[in-house]
Structure formats: C-alpha cells, structure tokens
Amino acid sequence: MDNNIKSGIAKRLFFVFLLAVINSFSTAAYAFLDDTPDSDREKAPAKHDVKPVIPLDKADPTYDVWKLIRDDLSKGREPGPINVQRFWGGFGFQGIPTFFRLPVALVPEDLEAGQVDVAIMGAHTDMGLGSRGASRGPAAFREARYEYVTWGEFSMPHMGAMVNPFAELTIVDYGDAPVDPLSTERSVHEIRKYVREIASVKLKNGKHVIPIIIGGDHSLTYPNVAGVTDVYGKGNVGVIHFDAHYDATMMMGHMITHGAWVKRLIVDGHVPGKNYIQVGLRGYYPDKESFEWMRKEGFRYHPMAEIERRGWDAVMEDIIKEAKDGPEYLFISFDLDTLDPAFAPGTGTPEPGGLTPREAFPLVRRLCAESNVIGFDLVEFAPERDPTYVSGLNANRIVRECLTGIAMRKKGITQEHYLSPLTSDDGRK
Ligand SMILES: [Mn+2]
C-alpha cells in the first residue's frame, strides 16, 4: 500500500480515537453533574398491590350528575319553562346554548305557568351605529365560552352576597326579538312588542316578569324602555343609563340610532328628564350645549370627571340615593363601553378612562337589590372585537350582578350595601 494512503488512514483513525475519548469524558462529566435520583426504591420492580388511581366516591350525590337526563319531554308538556338541556352541565362549552343554560319559555303562558321572575331575551340590532358587531352579542352571551353556567340545584351562590339567583329566582331564556337586520326603524316596534309581552305577565306575588335584554346596539334601549312604560305608564319608570356616551344626538336625519335613543325617550314623553340618571360619560362627546340641555331637562349625571373629583364611593352612594328618589319603577341600561377598554375592548365605540369591574359590579348589584328594577339591558357587546374574551366575561358578570341583586330583593335583603359577614370578613378582627 502507498505510504500516503497508509498515513491518511492512520490520521483518520486517530481523529476517530480522539472523538471517542472526548465523548467518554463528556459522558462522565454529565453523569457527575446529573442529580437525577437513582435510589434503590426506584430501581426495584413495580409493586402490583397498589391501586393505580385515587378511587371515586360513589356516595357523592353528584356522582352521576354529568350523565343524568334532566327532564323527560317525551310525553309532551304542560305550559311552563322547558328545560332543553339533556344533562346537567357546569361549563359554557356544554349543552344547548341558552342563556346560562336556563330553560326556555316560548309564549307568555309559559311565563305565567312557571311564575317566572326574570325572562332573558336577545335583540341583535346592529344598524344603529356605523361600527358594526353587536348583532353577535346575544349568541356570544349564550355561548358563554369560558363562564360557569348553571348546575341548577347544584349551582353555587354569588360569593359576596351568598345568594344564588339561579336557586332563588325562576329565570328563563325567552328567545330573540324579531329584528330586521337592514333597518333599525322597522325593528324597534317589534322589539317593543316583545318586551311588552314579557313585562305584561303579572305574577301571583303582584309583580310583573322582569325582562333582561341582551343586545344588540344601544338603539334598542328606546323600544326596551317604551315596552316597559307601555305596561307601567309613561313617566312612571326612571332610567339609569351607564355609558361612556351621551346618546341624545339625532343626526343625518335619523331619529333613532344607538346615539339618539335618550333624546327619543325624552321627546316622546316616556321618561321625563328628572327621572333620568347618567353614569360614566367621558372623552370628547358631547359638547357644552348638550350638557346645558341636560341641565335644562333636569337630568342627573355623573361623568368620570365627577368621579375624578369626588372619588367612586361618594358618587356611588349618590347614584343609589337618586335611584330611590324618583318613580316607583327603575330600568337600567348598561352599555358595555362604560367599562374601561382594558376590561371591555369588545364594543363598537370603546372610550379609555372608564369604570373598572370592581366599581361597576357592586353598583349594579346594589341598584338591583336596593331599588325596584323592572327591566335591564346589556348592550354593545361586540364579541368579534374581543380576542381574549374578557369583554364576554365582564358582560356575563354584569348581568349576574343584577340577577343576584333581584334575588336578594326577593329574599328581603334590601339594606344598604349588604355583603355576607361570612365572605366579606374572616371573623378574626
Ligand atoms: Mn356608548
């Protein structure tokens, strides 16, 4: 063999030898540094007398709840709420998407037969603002993507009040009002009839069914309030309006839009200005003349500038006092943009500098417990602008706070700012 070839092979073999040496050194170093336990116990063969899982408690009354068929409708039905859920469920991703997975009611006879306290309905108006998206609100609210929904008798109470609205109240999903997706002007009359249909049903306790309307853009608060004043009488219903915006401007010839409904209610005589309270105005709308008009009409208003000046607690107490200082009945309209966009980006016209959930939740709960709320709407939830679903969670909680308040009132808990001594204090002092 040629000497050059021999020396070439020898060189290559030497490099292979060198690599093997380096590799064995690094393996030894790794073994030295590795702290993986290597006990005798781990090296021992697996035992076969150990149960492989933590056993289930078959005596737990909820053991089979996930697969128990709830109501058997195979023999037809009597008038009353209809439970369309096949099984009990605790999460929004389960079951047929009714509001909070509640039973449905189809006609007023169902509301009466079931002595229903609250009927939740959808109204997907979306032509009242240039910035669309609220038509998806009712469907997204029903979807309840990440929320707990109701477990019926197994559901848990609101922690602050220790009251469970889903146990204290009979609540149903009453479906959606008819909406012409191409016309607000045509839709408002049908929504008004639908709200009136709910509010007209009188219960044995002398009260009427309370409609809760999930929007939809804010133009629908005109038919919502007109629908309840059709039942309770013009001038007999006060309105508390939560919003970043003024909503009393008519423009481009439109008499009803999501920014005009307040003016409509005043001009049409449904709500005198003195029975109207506004909370949360901020930003750059409206102008000086509009504030002067509100003063002239006797409005009570609490813009963010007042909260900046006086602090939230003082303003909240004034709002509660004003809600009681008015007509017998109260309607609450909550525009989701009242909350800061940090907590509710999923809305058509977000406005920085708004309320936090920690400010809004107790006020809504207190209003529904401490005054006579006969209707409520949650509007301007635009879920497709809500990538993290935080707006959906907060929209859901706003409605739950009101339901909790209504349940507290039904139980007779109407004292100022009630919180459970158990859950608001650890008792150690
Ligand atoms: Mn608004």
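Tutor: Two strands count as paired if DSSP finds at least two bridges between them. Keep that in mind as we go through this model, which is a predicted one.

Student: Which residue in β3 is the bridge partner of Ala123?

Tutor: The general idea is that strands of a sheet pair through backbone hydrogen bonds, either parallel or antiparallel. Here, Ala123 has Gly215 of β3 as its bridge partner, and the strands concerned, β1 (residues 118–123) and β3 (residues 210–215), are joined by six bridges in the parallel sense.

Student: What is the order of the strands in the open sheet, and which are the edge strands?

Tutor: The open sheet holds eight strands, paired in parallel fashion and ordered β2-β1-β3-β8-β7-β4-β5-β6. Its edges are β2 (171–176) and β6 (300–302), each of which pairs on one side only. On average, and with direction ignored, neighbouring strands are turned by 15° against each other.

Student: Which strands does helix α7 lie across?

Tutor: Helix α7 (residues 221–232) lies across β3, β4 (237–242), β7 (329–335) and β8 (373–379), and runs at about 170° to β8. Since angles over 145 degrees count as roughly antiparallel, α7 and β8 fall into that class, with their angle of about 170°.

Student: What is the phi of Arg101, and is Arg101 buried or exposed?

Tutor: Arg101 is not a glycine, yet its phi is positive, at about 60°, and its place is in the loop between α2 (40–43) and α3 (108–113). Because 20 or more other C-beta atoms within 10 Å make a residue buried, Arg101, with 27 of them within that distance, is buried. Glu380, in the loop between β8 and α13 (390–411), is likewise a residue other than glycine with a positive phi, near 70°, and it counts as buried because it has 33 C-beta neighbours inside 10 Å.

Student: How do the axes of helix α12 and α13 cross?

Tutor: In general, two packed helices are described by the angle between their axes and the distance between the axes. In this structure, the axes of α12 (residues 357–370) and α13 come within 7 Å and cross at roughly 30°, which means that α12 is roughly parallel to α13. The crossing is right-handed. Among the residues that make the contact are Phe361, Val364 and Leu367 of α12 and Ile398, Cys402 and Met408 of α13.

Student: What is the radius of gyration of the protein, against that of a compact globule of 429 residues?

Tutor: The protein has a radius of gyration of 30 Å, whereas a compact globule of 429 residues would have one near 22 Å. Its C-alpha trace spans about 115 × 60 × 55 Å along the principal axes, and 43% of the 429 residues count as buried. Of the contacts with a separation of 6 or more, 76% are between residues 24 or more positions apart. The secondary structure comes to 13 helices and eight strands.

Terms used
Residues numbered from 1 in each chain as written. Predicted model: local features only at pLDDT ≥ 70, side-chain atom pairs only at ≥ 80, totals over all residues. Helix = DSSP H or I, 4+ residues; strand = E, 2+ residues; numbered from the N terminus. Axes fitted to C-alpha atoms, helices over the stretch in contact; angles between N-to-C directions. Contact = placed C-beta atoms within 7 Å. Buried ≥ 20, exposed ≤ 12 C-beta atoms within 10 Å, placed from the backbone. Rg over C-alpha atoms; globule rule 2.2 N^0.38 Å. Parallel < 35°, antiparallel > 145°, perpendicular 65-115°, else oblique. Left-handed = near helix turned anticlockwise from the far one by under 90°.
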